[in-house]
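Welcome! Please take a look at the sequence and the structure below, and then read on for a short tour.

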Amino acid sequence: MKYILKAIFIAFVITSCLSQAAAEDTSTENIAADPRISLGLNAAEKAEFLSEMRQMLTSIQGILAGLGEKNPNLIAESARTSGNRMARATPDSVRQKLPQSFKDIGGPTHMMFEELAIRAETDDMDMLASFTSELMQQCLSCHAIFKTD
Ligand code: HEC
């Protein structure tokens, strides 16, 4: 009798766990589909593209460190790695797939990194911080619209 009760209890625990798992499964159906526009990059293009993105994040980190240290050279050097140099380095196969609406945000973003590098020579740190925030609006605008695949 004791064993039967135990078996019933275990069966009860297992079924309640399973039904909970099933409930979690169906809850993903309520998540809206990703509405961002796909750039349709292949695996190699995506790897290259995302490594440029991570470089831009590295630039932002260097810029913030430079602002904290009040070090204009660090700000300028960090900004330049994501400026024209990066724009020119984008492989042709990736460039050809990028729609004009993407380039309209991406091109000015690289130019703003170049502008920040120049402004680092003359502007106050708080002005440079505000400009960095403006620059990062570009990251937000583009991320809201596009995805790689
Ligand atoms: C013109 C468009 C555009 C701009 C501007 C842009 N990004 Fe991106 N970024 C993307 C897209 C598209 C992805 C891929 C998103 C996806 O597939 O989910 C991405 C992904 C990333 C990733 C993820 C990298 C990885 O390895 O997964 C980082 C980090 C990133 N961006 C940083 C930045 C930063 C920082 C800025 C601004 C300084 C920036 N991006 C500006 C389009 C842009």
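Among contacts in the protein between residues at least 6 apart in sequence, 73% link residues at least 24 apart; two residues are in contact if their C-beta atoms, placed from the backbone, lie within 7 Å. This is a predicted model, where local features need pLDDT of at least 70, side-chain atom pairs count only at pLDDT 80 or more, and totals for chains, interfaces and linings use all residues. Residues are numbered from 1 along each chain as its sequence is written.

The protein has 7 helices and 2 strands, which are DSSP runs numbered from the N terminus (helices: H or I, at least four residues; strands: E, at least two). From the N terminus on, their order is α-β-α-α-α-α-α-α-β.

Let us turn to one helix pair. Helix 2 (residues 43-69) and helix 7 (residues 125-145) pack at an angle of about 160 degrees, with their axes 10 Å apart. That makes helix 2 roughly antiparallel to helix 7 (angles over 145 degrees count as such). Ile60, Ile63 and Leu67 of helix 2 make the contact with Met125, Leu128, Ala129, Thr132 and Met136 of helix 7.

Next comes the ligand. It is surrounded by 18 residues, and the closest are Met53, Gly106, Cys139, Cys142 and Thr148. Helix 2 gives the most to this shell, with 6 residues.

Here is how the residues divide in both places:

Technical notes: Axes fitted to C-alpha atoms, helices over the stretch in contact; angles between N-to-C directions. Parallel < 35°, antiparallel > 145°, perpendicular 65-115°, else oblique. Near = placed C-beta within 6 Å.
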